[in-house]
Amino acid sequence: MLHEIDDLRQERQRVEVRPSTEGAPSVLTVFDVVPAVDPQDYIRRVRTVLSAALDLAITESFEDDDLPTEGIPAWFAAVSGAPGSEVAEFSRRGMDRYHTAINEKSWDLQWWLFEFDPDNEFRGWAWWDVTQSEDGRVRIWTDSWGESFFACDELRWLLYTAGADEVSGPFLADTPEWVQEITGQ
């Protein structure tokens, strides 16, 4: 799926601020997350990494072999193999959970960042929103253009390494389900 620069700007805005219910797609996809850390810290970590990745997607040409990593949080860079920082315990645990759940190798930081190349046709999702239930569970809402099966292991990598014990989904959800969650808070 190609991501136009204007679409990336809108996605970047949704990472920072909850989108309006007006103009929402009729179907979203949701990932249910059981964080092993404080849910607010967890949400902040996910948003910070996505903000930095989307900033690169908007501003960089993706023509070089390496993208700048200055804006990437040290904890995420470290768990993604960048030298120089110790891997935080929550990230190490999330990495282990990812390996158990997905049975894939760890994501290299540059490899992960290149998933956000606007010309990359493999990232099959765009950030939509995040909600939290009273029991501490977190729901990550994405726009997958109505698809129930799409490439999303880079998102799973982030969700686990930000401090998740469990990530399930994606599941298709009608947008009224998302609206109910945001208005019920």
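Strands here are DSSP runs of E with at least two residues, helices are runs of H or I with at least four, and both are numbered from the N terminus. The model is a predicted one, with local features requiring pLDDT of at least 70 and side-chain atom pairs counted only at pLDDT 80 or more, while totals for chains, interfaces and linings use all residues. Numbering starts from 1 along each chain as its sequence is written, and side-chain values rest on heavy atoms, with hydrogens and water left out.

The four strands make an open sheet in the order 2-3-1-4, with antiparallel pairing (a pair needs at least two DSSP bridges). Strand 2 (126-132) and strand 4 (164-174) are the edges, each pairing on one side only. On average, neighbouring strands are turned by 25 degrees against each other, direction ignored. Helix 6 (residues 153-161) packs on this sheet, where it touches strand 1, strand 3 (138-143) and strand 4, and its direction makes about 135 degrees with that of strand 4. Contact here is heavy atoms within 4.5 Å; axes are lines fitted to C-alpha atoms, for helices over the stretch in contact, with angles running from 0 to 180 degrees between N-to-C directions.

Going through the pairings, strand 1 (residues 27-35) is joined to strand 4 by eight bridges, running antiparallel. Five bridges link strand 1 to strand 3, also antiparallel, and D32 stands opposite R139 of strand 3 there. Strand 2 pairs with strand 3 over six bridges in the antiparallel sense, with Q132 and V138 as bridge partners. These two strands form a hairpin with five residues between them, and G136 in the turn has a positive phi of about 95 degrees. Strand 3 is well tucked away: six of its six residues are buried (buried is under 20% relative accessible area, exposed over 50%, partly exposed in between, with a 1.4 Å probe and protein chains only). On one side V138, I140 and T142 are covered, and on the other R139, W141 and D143.

Helix 4 (residues 89-102) meets helix 6 with axes that come within 7 Å and cross at roughly 140 degrees. That makes the two helices oblique (under 35 degrees is roughly parallel, over 145 roughly antiparallel, 65 to 115 roughly perpendicular, and the rest oblique). Residues in this contact include F90, M95 and Y98 from helix 4 and W157 and Y160 from helix 6. By class, the contact has seven nonpolar, three polar and three charged residues; Ala, Val, Leu, Ile, Met, Phe, Trp, Tyr, Cys and Pro count as nonpolar, Asp, Glu, Lys and Arg as charged, and the others, Gly among them, as polar.

The model has 13 salt bridges, each a side-chain nitrogen of Lys or Arg within 4 Å of a carboxyl oxygen of Asp or Glu. One of them joins D165 and R97 at 3.3 Å, N to O, tying strand 4 to helix 4 across 68 residues. Both ends are partly exposed, D165 at 23% relative accessibility and R97 at 34%. E181 and R139 meet at 2.5 Å, N to O, which links helix 7 (residues 175-183) to strand 3, 42 residues apart. R139 is buried at 17%. Within helix 6, D153 and R156 form another at 3.4 Å; being three residues apart, they are separated by about one helical turn. R156 is buried at 13% relative accessibility. Shared partners also join D32, R139, E177 and E181 into one salt-bridge network.
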